[in-house]
Amino acid sequence: MMTNNKNFQIQRIFAQNESYLLLIIIAYSIFVTFLNPSFLSLGNLFNLSKSSASMGVLAIGVFVVLLSGGIDISFTAIAISGQYIAVNVLIASGVDNIFFAFLISCLVGVGLGAINGLLVSYFKIPTLIVTLGTLNVFHGLLLTVVGTKAVNSAQLPDCFKAFGATNVFTLTGPDGVSYGLSIFTVIFIAVALLTWFILKYTMLGRGIYAIGGDAEAAERAGLNVARIKFFIYCYVGILAGIAGVIHVSLIRYSNPTYLVGTELSVIAPVVLGGTRITGGVGTVIGTILGVAMITLLNNSLILIGLSSFWQEFFTGLIVAISVSFSSYQSRRGIAI
Amino acid sequence: MAEEFLKIQNVSKSYAGVRALNKVSMSIGKGEIHCLVGENGSGKSTLIKIVAGVVKPDEGEIIINDKTFKHLRPIDSISEGIQVIYQDLSLFPNLSVAENISLNQLIEEKKQLVNWKEIKDIAEKELSNIKKEIDLNERVENLSIANKQLVAICRALIQNAKLIIMDEPTTAITKKEIDYLLSVILDLKKRGISTLFVSHKLSEVLQVAERVTVLRDGKKVGDYNADELDYDTLSFYMSGKKIVSSAFSYEEKPGQKAMLEVKNLSKKDDFKNINFQLKPGEIVGLIGPLGSGRTELALSLFGLNKPDSGEIYVDGSLVRIDSPQKAINLGLSYLPEDRLNQGLFLRQSIQNNLVVTILKKLLDRFKLLSYERKYKYAKEWVDRLNINTPSLEVAAQALSGGNQQRVVLAKWLATNPKMFILDSPTVGIDIASKNNIHNVIKQLAKEGMGIIMISDEIPEVVRNCNRIMVMIDGSIVKEVKAVDITEDELFDILSSSQKR
């Protein structure tokens, strides 16, 4: 009985999407390293993890929504609103503090997320329609009320630039070039860990899985479905707020028209990571691997020498393939 | 008689002036297996909801464990040990067996954090209590329906169930699985836990229950011991009508050739080596449990499921049926099992539904649809099949099940088929309408149509067919004339081959 169980577990590990994805990532890394040996240097890997952190934090948020059987596409508008408002408030108030920036950006995020949450949980409007609408409402409001003028590097408060340059530790390579692990990566890992803990070890998290499985059954079982949904959209809002600040600190430029339009490139890694688009199934680790894969792909296209326009093509292709793949699996009754 | 666990006394309930329940009383003993039967609209669901505390009765009282409740709330019902397992089971397909069993308990305890060991322990203990083994880590969506039911039962037991009410538990499971479920129920009985089955399938009611309560039009017809009932008396109690169904008599005309012949037809995973003939005027019954391949075979004959090998002859010549259009041209029609999804445009009018198969015949000389002809055709079929409707413009979804089925029948009959495959033609239809449809089918056969009737109800095939083919696991295991077999013998064949 026990050994039997073990066998089952081993089988299950191999049946999981995540293990396939990991194998693909490893194989692909070897392939790219062959073409361009500079790819597999620690410096490049640190760089990749730094530049993908903002996308990663957003992806974690999208993952949680997808898990509950919903979808949020307004997160880019929330992220850019949080960022742009934070930057403008810091400039106007003269307070040059990154924590203050995070506070404002997250407050904006949770506020806008709460609007989504209310519409979804209390008025029971389909999530795609709600967030398609609020995406435009949030962004439109930002552009008309707050402004359309980009804040360039010279005008940007110093705290963002300093934050963007902060490394947790720094190493110096044999060639004398120093590189380090960015604080962005640490934030991404912290967000991932927190989300993993919520999903795995709190009733709230199990409730999210339950709603994604069968919302009516969740209601009958006594879960407060409306409240859980409300939480989810607020959580996405907060994560979008965090991602917004990381984004501006990375590129040292705040343009209120950025980010919006890149929804698919954030949804892609989540779906690629094995999260079922109909909800209920998915893991944090899968999402992280998905982010890694997409980042790898985008980065390697440039290393290989393909135009960056191919990124869009491949992102779309990946979403189409991974959604078809999981639908094919579930139709054939194969457990993923 | 055993001690009573639940007593319902003179309970009435009206919805918007319509009496759903009229002074109904019944009782369930401790450890008793009780069946509540009645046709659609007889008040079964209302009664369950009242026992669950979800619906408040207008009058009457409910006594659980000698405690009298005038206003039973859901929480009272649960804490007194009543657990309802609804037809959809309310499980989480994406979660593990262990979590499904334990989650409600954790919610009830208002836990904030999750202890995975606790979840496993709770589930393991309860599964061992009912002496069944299911992999605790398996996702529920990968389980068979029977195992899903076990998970639902375990979940109910954890919440200290004394009475488990199962709403139509056997609709989608095979006979073997019904037996399995029954073994669990019998085990619960030993532990003093009562079960109330709610069902409208007569044969299984008689097999499972100790006592049977029959409801009709919101009133109780009576309580009976299961061994004093048989199919006919039970259907009489349920419908209130003595249904006289004359057996179908078919006289073979000498020298008559088969209009349809199937030779060695096989399709991997569906059916293998199927051989049979159909002559004009015959009604051939194809009986087999869910998953036996009966529907797949029918779909193959109608060009919707390409067979791997074998031959089909129509009127003596070899044909390849690779599309429904081709099947229709060869004179075949098919009445699907799931008439709501496959057979009707629910929101369209009856008139539009009736003529959809013969639109070409309704064109006028400008090749435009003639409303006059459309009306004429539709009217003709409504009259011929006694479809009960206030007007031809009523949407199909407004009709009763029996009338809907007649619309689907008429729609296909309008194409003038020579052969008609009927897949479960009376499923979910009340007894009187069933009889009516059977008479229509027999009349069609008398007029020379060849009919294949797929069913999983033994009396239906024995009483309406001249020949019966039994299909198990993709093969026809027996072919017999209806007059040469009794319902009991057929039952034995079906259940013995199931147990193999």
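Colleague: What is the order of the strands in the open sheet of chain B?

Modeller: The order is β16-β17-β18-β13-β19-β20 (chain B), six strands with mixed pairing. Strands here are DSSP runs of E with at least two residues, and helices are runs of H or I with at least four, numbered from the N terminus. This is a predicted model, in which local features need pLDDT of at least 70, side-chain atom pairs count only at pLDDT 80 or more, and totals for chains, interfaces and linings use all residues. Residues are numbered from 1 along each chain as its sequence is written, and chains are lettered from A and ligands numbered from 1 in the order in which they are written.

Colleague: What makes β16 and β20 of chain B edge strands?

Modeller: β16 (332-335) and β20 (475-481) each pair on one side only.

Colleague: Why are β16(B) and β17(B) said to pair?

Modeller: Pairing requires that DSSP find at least two bridges between two strands. 4 bridges join β16(B) to β17(B) (residues 419-423), so the two strands pair, and they run parallel. Within β17(B), Leu422(B) is the bridge partner of Leu335(B).

Colleague: Which helix packs on the sheet?

Modeller: Helix α9 (residues 294-301) of chain B does, touching β13, β16, β17, β18 and β19 of chain B. Its direction makes about 150 degrees with that of β17(B), on a scale from 0 to 180 degrees between N-to-C directions of axes fitted to C-alpha atoms, for helices over the stretch in contact.

Colleague: How many residues of chain B are in contact with chain A?

Modeller: 19 residues of chain B are in contact with 18 residues of chain A, contact meaning C-beta atoms, placed from the backbone, within 7 Å.

Methods
Two residues are in contact if their C-beta atoms, placed from the backbone, lie within 7 Å.
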